[in-house]
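Dear colleague,

Please find the structure below, with its sequence. A summary of the findings follows it.

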Amino acid sequence: MTPVRSALDSVLVKPAGPDCNMSCSYCFYLQKAEMFPAFVHRMRDEVLEEMIRQVMSQSNAQVSFGWQGGEPTLMGLPFFQKATVWQARYGAGKSVGNGLQTNGLLLDPHWAAFLHRHKFLVGLSLDGPEHVHDHYRVLRGGQKTWSTVVERARMLQDADVEVNALTVVTDYSAQYAEEIYGFHKELGLTHMQFIPCVETDSSDPGLAASFSVSPEKYGNFLIRLFDLWWADVHDGVATTSIRYFDSIFHAYVGLSVPDCTLAERCGNYLVVEHNGDVFSCDFFVLPQWRLGNLLEGQLIEMLNSPRQREFGALKAARPAVCSGCRWLRFCYGGCTKDRMRDPSDRGNMHFCRSHMMFFEHADRPLRKLASVWLRRHGIIQYP
C-alpha cells in the first residue's frame, strides 16, 4: 500500500543555528555547534529565499513558520523583514503564520512594531518569578536576565504583540507551580507552555542531568498546575490557556491534538538549520536524522521520504508499559526523545508516571468539561 503523503504545512527554522546570547544551564541545543564547522552560524539570504519559495509552493492554503534557535533574533530585524517580503512574494494568497521563540534580550520598540504589524506570535522564554527564572537562565558570565525579560514582556504587550510564556520545568522550578502560574497571570501572560526538562548527564551517561525534573516531581507539578487552571474555569470556559491541557482537551472531545508529543505518530514537520540542512525533529538534529539540504532537494520530498517515515514510526514503537494502559489514547507514549534522554529509564518514557499521576487526578473534571463543550457544539455522544 502506498503511504499517504504528508502535507508541508509547518517548518521550524533555526536561522542562527545553535548560537545564543545566553548560556542556560539546561539548554540542549548549544551543543549542536559541534555539528557545524563555522564559529558563527547565520542563514544566508540564498537559503532563506529558497526555503520560503519551496514552502510556499509546496504547501496547502495555510502554512506556519516557527523561528527558533539558539536565539533567532541574533539574525537582526532586517532578516525577518526580508522573510515577510518573500512570504508575500511567493505566497500566492496563502495564509501564513509566523511564530518567534525568543529569550527577548535583543527586542526593542522597532522589533515590537514589526512583530505587531506582521502578526507574529511570540513565545517568550520566561521561567517565572525572579528566583525561579534566574536559577538557570543566565548569561555566559553568570549575570541574571529576569528583569530584562520582564521588561521586554511589558514592551511587547504595550505594542499589542501576542505573547505566550514558555517555561521550562526543572528540578528547581517544579517546586513552585503556584508562584509561576500566579506570576504569569499577574504579568498578563495568560497563554502558557510548560516544557519538562530531562537531559543526559554529560559526566555520567547512565544518569539524567541534575537539573532534570523527576517523573514524580513533574507529575505533582502538573496536578498543582491543573488545580490552579481548573479554578480559573468559569461556566465551562477556561480563562487561561496551558498548552498541555489544551492539547489533552482536544483528545477528550475527539479532535486532533495540536501538540505532537501527544499525537499517535510524529514526523509531520521539518526542521531547517541555518545552512539549509533539513532534519526530522527539533530534538533529533543529529547526523542520522539529516534528511538532506534544501539547496539540493525538495522539502516536500524530504517530508515524505522513507527516512522521515522511519522517524515517525519510532513513536509507534511504544514501551511495553503502554499496552493496555487506560490513558494511552491521550499521550500515545509521550515524546520519543523522553524515552532516550535518561538511560536509566531503559526505553520507557521518562514522564510516563507523570502522565499517569495527572490523568488519575484530572480525568473526571476533564470529562465534565468535555461534556459541556460537546453539548454546546450540538454533539451528544462522548467520543
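The lining of the second largest cavity comprises, by class, six nonpolar residues, one polar residue and one charged residue. Please bear in mind throughout that this is a predicted model.

The residues that line this second largest cavity are Gln193, Phe194, Tyr218, Leu222, Leu225, Ile242, Arg243 and Tyr244. Two or more lining residues come from each of strand 6 (191-196), helix 7 (215-231) and helix 8 (243-252). Helix 7 provides the largest share of that lining, with three residues. The volume of the second largest cavity is about 30 Å³.

In total, two cavities of 30 Å³ or more were counted. The largest cavity holds about 80 Å³ of space. Its lining consists of Cys322, Cys325, Trp327, Cys331, Gly333, Met349, Cys352, His355 and Met356. Sorted by class, seven residues in the lining of the largest cavity are nonpolar and two are polar, while none is charged. Helix 12 (residues 352-376) makes the largest contribution to this lining, namely three residues.

Turning to the nonpolar cores, the largest contains 102 residues, of which Met51, Phe65, Trp67, Leu115 and Phe358 touch the most other members. Helix 12 gives this core eight residues, the most of any element. Another core, of 13 residues, lies apart from the largest one, and its members include Tyr29, Tyr269, Cys281 and Trp289. Leaving aside residues up to four places away in sequence, His133 touches Ser125, Leu126, Asp127, Gly128, Thr145, Trp146 and Val149.

Yours sincerely

Methods: Residues are numbered from 1 along each chain as its sequence is written. This is a predicted model: local features need pLDDT of at least 70, side-chain atom pairs count only at pLDDT 80 or more; totals for chains, interfaces and linings use all residues. Side-chain values use heavy atoms; hydrogens and water are left out. On a 1 Å grid over the protein atoms alone, a cavity is a set of points where a 1.4 Å probe fits but cannot get out, and a pocket is an open set with protein on both sides within 12 Å along at least five of seven lines; lining residues have an atom within 4 Å of a point. Grid points are joined across faces, edges and corners, and a volume is the space filled by probe spheres set on the points. Helices (H or I, at least four residues) and strands (E, at least two) are DSSP runs, numbered from the N terminus. Ala, Val, Leu, Ile, Met, Phe, Trp, Tyr, Cys and Pro count as nonpolar, Asp, Glu, Lys and Arg as charged, and the others, Gly among them, as polar. Contact means heavy atoms within 4.5 Å. A nonpolar core is a set of buried Ala, Val, Leu, Ile, Met, Phe, Trp, Tyr and Cys residues joined through side-chain atoms within 4.5 Å. Buried means under 20% relative accessible area, exposed over 50%, partly exposed in between (1.4 Å probe, protein chains only).
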